[in-house]
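Dear colleague,

I am handing over a structure that you have not worked with before, and my notes on what was found in it follow below. Please open the structure alongside the text as you read.

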Amino acid sequence: MILWLNGSLRDEREAVIPAGDHGIQYGMGLFETFRTYGGRPFLLEEHAARLRAGCAALRIRYEPDPAQIRRAAERLLAANGLADAVFRWSVSAGPAPPGLPGAEGYGRPNVLLSARPLPAAAAQPKELHLLRLRRSSPEGAVRYKSFHYMNNILGKWELAERTPSPRAEGLFLDGAGRICEGVVSNVFWVSGGTLFTPSPETGCLPGITRGAVIALAERAGIPVREGGFPFAALADADEAFVTNSVQEVAPAAALYGADGAVARRWEAAPGPVTARLTNMYREWTRTAEGAP
């Protein structure tokens with residue numbers, strides 16, 4: 001594959017990050033995952049805003065430039081023979097002396113954009129499995145999409161040991177026992193016509209698609225409640241779904257407890273609120289790039 005590194009296209013075998021980069025040494029780096037529709041990056045301004053906030057928190061002096069990344073994405077699509085793709089926009093802190101950095105932070109970050117083919121569309125709804133592993137608390141005031149991904153990987157391994165199903169998604173509780181998020185997704189459910197989702201106070205990632213779905217629900221007049229909720233709230237829900245930038249809005253068909261027992265089954269077809277939000281989201285991807 002051809003990658004974009006610091007403004008230049010490189011073969012993936014030649015795209016080199018120095019060993020002294022603190023992204024490698026200490027995990028000081030951030031990334032965003034977005035996809036294109038018809039060759040256009042979707043919600044790129046929102047991804048750039050989250051990346052900008054994360055760089056400020058990590059004292060990485062980098063100003064995300066959506067226009068530059070749009071051009072880079074176009075070049076990568078052409079270079080790799082792709083009509084559309086999933087992109088990872090990574091910012092590594094850059095080279096620095098050994099040891100923890102001083103207050104000045106990092107002034108020479110390495111910026112990488114990579115593309116991969118879109119996955120096959122999911123044919124069946126998701127199975128949500130409650131993990132025994134708890135979600136780690138954010139490294140700072142809020143959770144950013146950082147290079148610190150060990151908690152997610154351990155959760156993925158726990159899920160794989162439980163089930164080989166490609167439809168499975170692991171579900172984390174936070175340290176207080178409240179629903180937090182999926183291994184690679186945010187979680188929503190509907191009870192009595194109200195849309196519920198964990199708030200960032202649980203330590204969940206404030207996902208870009210999560211925010212888009214909340215905005216669409218508000219536009220549609222669907223009440224939305226963010227907060228800290230027990231597992232039982234999800235088990236009692238009328239319908240549920242998960243979101244991320246690649247899978248979009250993925251309905252859930254079943255919920256399993258940490259002991260592997262079925263806690264809830266939903267209809268095979270998406271519930272009415274899930275279906276409405278899915279249709280609204282897909283229509284949006286065909287007509288716009290920014291927030292609704």
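Asp-174 counts as buried, because its relative accessibility is 4% and the limit for buried is under 20%. Please bear in mind that this is a predicted model, and that the values here are computed from it. The side chain of Asp-174 meets that of Arg-178 in a salt bridge, with 2.8 Å from N to O, and Arg-178, at 28% relative accessibility, counts as partly exposed. As a general point, side chains of opposite charge can pair when their charged atoms come close.

The structure holds 13 salt bridges, and a few others deserve a description. One of them joins Arg-143 to Glu-181, where the closest N and O atoms are 3.8 Å apart. This pair links distant parts of the chain, since Arg-143 is in the loop between E7 and H4 whereas Glu-181 is in strand E9, which covers residues 179–182, and 38 residues separate the two. Arg-143 and Glu-181 are both buried.

Another salt bridge is formed by Arg-162 and Glu-158, whose closest N and O atoms are 3.0 Å apart. Both residues lie in helix H4, 4 residues apart, which is about one turn of the helix. Glu-158 counts as buried at 15% relative accessibility, whereas Arg-162, with a relative accessible area of 24%, is partly exposed.

There is also a network of salt bridges that links Arg-35, Glu-248 and Arg-282. Asn-6 is found in the loop between strand E1 (2–5) and strand E2 (8–11), and at 42% relative accessibility Asn-6 counts as partly exposed.

Returning to helix H4, which runs over residues 150–162, you will find a nonpolar surface patch of about 440 Å², made by Met-150, Ile-153, Leu-154 and Trp-157. Leu-154 is found in helix H4, and with a relative accessible area of 36% Leu-154 is partly exposed.

Tyr-149 is found in the loop between strand E7 (126–130) and helix H4, and at 27% relative accessibility Tyr-149 counts as partly exposed. Although 122 residues separate Tyr-149 from Gly-27 in sequence, their C-alpha atoms are 9.2 Å apart in space.

Finally, which residues line the second largest pocket? The lining consists of Met-28, Leu-30, Ala-57, Leu-58, Glu-139, Gly-140, Ala-141, Val-142, Tyr-144, Ser-146 and His-148. Sorted by class, these are 7 nonpolar, 3 polar and 1 charged residues, and the volume of this second largest pocket is about 170 Å³.

How values were computed:
Residues are numbered from 1 along each chain as its sequence is written. This is a predicted model: local features need pLDDT of at least 70, side-chain atom pairs count only at pLDDT 80 or more; totals for chains, interfaces and linings use all residues. Side-chain values use heavy atoms; hydrogens and water are left out. Buried means under 20% relative accessible area, exposed over 50%, partly exposed in between (1.4 Å probe, protein chains only). On a 1 Å grid over the protein atoms alone, a cavity is a set of points where a 1.4 Å probe fits but cannot get out, and a pocket is an open set with protein on both sides within 12 Å along at least five of seven lines; lining residues have an atom within 4 Å of a point. Grid points are joined across faces, edges and corners, and a volume is the space filled by probe spheres set on the points. Ala, Val, Leu, Ile, Met, Phe, Trp, Tyr, Cys and Pro count as nonpolar, Asp, Glu, Lys and Arg as charged, and the others, Gly among them, as polar. Patches are made of residues with over 30% relative accessible area and no salt bridge: like charges are joined within 9 Å, nonpolar side chains (Val, Leu, Ile, Met, Phe, Trp, Tyr) within 5 Å. Accessible areas come from the Shrake-Rupley method with a 1.4 Å probe; for residues, only the protein chains shown count as cover. A salt bridge is a side-chain nitrogen of Lys or Arg within 4 Å of a carboxyl oxygen of Asp or Glu.
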